[in-house]
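Please look through the structure below before reading on. The notes that follow are grouped by topic.

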Amino acid sequence: MVNPTDTRNLVLIGMPGSGKSTVGVLLAKHLGLGFVDTDLLIQEEADRTLQAIVDQDGYEALRRIEEQVLLKLDVRHKVISTGGSAVYSARAMEHLKSNGTVVFLDIPLELVIERIGDHCMRGISRRPDQSLDALFEERFELYSRYADVTVKGEGLNQDQVCEAVVESLISPQH
């Protein structure tokens with residue numbers, strides 16, 4: 001299905017709970033690509049969990065580490081699942097877009113809440129005084145700005161979201 005001479009990456013962005021990691025693995029298997037989860041790379045780089053970084057050093061530290069990890073990422077022919085806050089770094093997003101198609105996995109706030117449960121324990125990069133609603137609104141604008149393709153995931157299971165992403169790559173929406 002994928003052209004073997006095409007070395008571009010498929011970059012997934014979206015809120016926590018949107019399915020970036022789960023759908024990313026399914027896409028990698030379906031398309032015969034490798035898979036990279038940048039949240040795991042951040043944890044490896046910092047030698048702690050995302051939540052520990054936020055708890056110990058604050059959300060800004062997590063964003064700085066995330067930007068460094070993304071800027072160092074030099075891969076080809078991979079599905080890349082980014083952290084929900086990757087879009088806060090214009091430099092990192094330009095780097096990812098330079099050799100990748102960016103897919104926004106769009107789900108409504110209610111579904112984010114349903115899927116992630118207690119967001120205080122999820123290692124989410126947000127200001128201490130910022131509500132999940134405000135964070136969602138702020139990020140939605142950024143996801144929409146950087147997305148080459150948007151796939152709506154509400155009412156779809158993971159396999160259906162995977163199929164919708166593949167379909168959107170065959171016939172892009174723009």
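## Contacts, rings and annotated residues

Leaving out neighbours within four places in sequence, Gly84 is in contact with Gly14, Lys20, Arg139 and Tyr143. The model is predicted.

**Annotated residues**

- An unreviewed UniProt entry gives the annotation "binding site" for Asp39, Arg63, Gly84 and Arg139. From this set, Arg139 is part of the lining of the largest cavity.
- Gly84 is found in the loop between strand S3 (78–81) and helix H5 (90–98). Gly84 counts as buried because its relative accessibility is 11%, and the cut-off for buried is under 20%.
- Arg63 belongs to helix H4 (residues 59–72). With 19% relative accessibility, Arg63 also counts as buried.
- Not counting residues up to four places away in sequence, Arg63 touches Ser85, Tyr88, Ser125 and Arg126.

**Charges over rings**

- Arg63 has its charged end over the ring of Tyr88, 3.6 Å from the ring centre.
- The charged end of Arg145 sits over the ring of Tyr146, at 6.0 Å from its centre.

**Aromatic pairs**

- The count of aromatic pairs comes to three. One of them joins Phe104 and Phe140: the ring centres are 5.6 Å apart and the planes stand at 65°, so this pair is edge-to-face.
- This pair links distant parts of the chain, with Phe104 in strand S4 (residues 100–106) and Phe140 in helix H7 (residues 132–146), 36 residues apart.
- Phe104 is buried at 2% relative accessibility, whereas Phe140 is partly exposed at 34%.
- Ring pairs connect Phe104, Phe136, Phe140 and Tyr143 into a cluster.

Conventions. Residues numbered from 1 in each chain as written. Predicted model: local features only at pLDDT ≥ 70, side-chain atom pairs only at ≥ 80, totals over all residues. Heavy atoms only, no water. Phe/Tyr/Trp six-rings, centres within 6.5 Å; stacked < 30°, edge-to-face > 60°. Helix = DSSP H or I, 4+ residues; strand = E, 2+ residues; numbered from the N terminus. Buried < 20%, exposed > 50% of the residue type's maximum accessible area, 1.4 Å probe, protein only. Lys NZ or Arg CZ within 6 Å of the ring centre and 35° of its normal. UniProt positions renumbered as here; feature names shortened; annotations may be inferred. 1 Å grid on protein atoms, 1.4 Å probe; cavity = no way out; pocket = protein on both sides within 12 Å on 5 of 7 lines; lining within 4 Å. Contact = heavy atoms within 4.5 Å.
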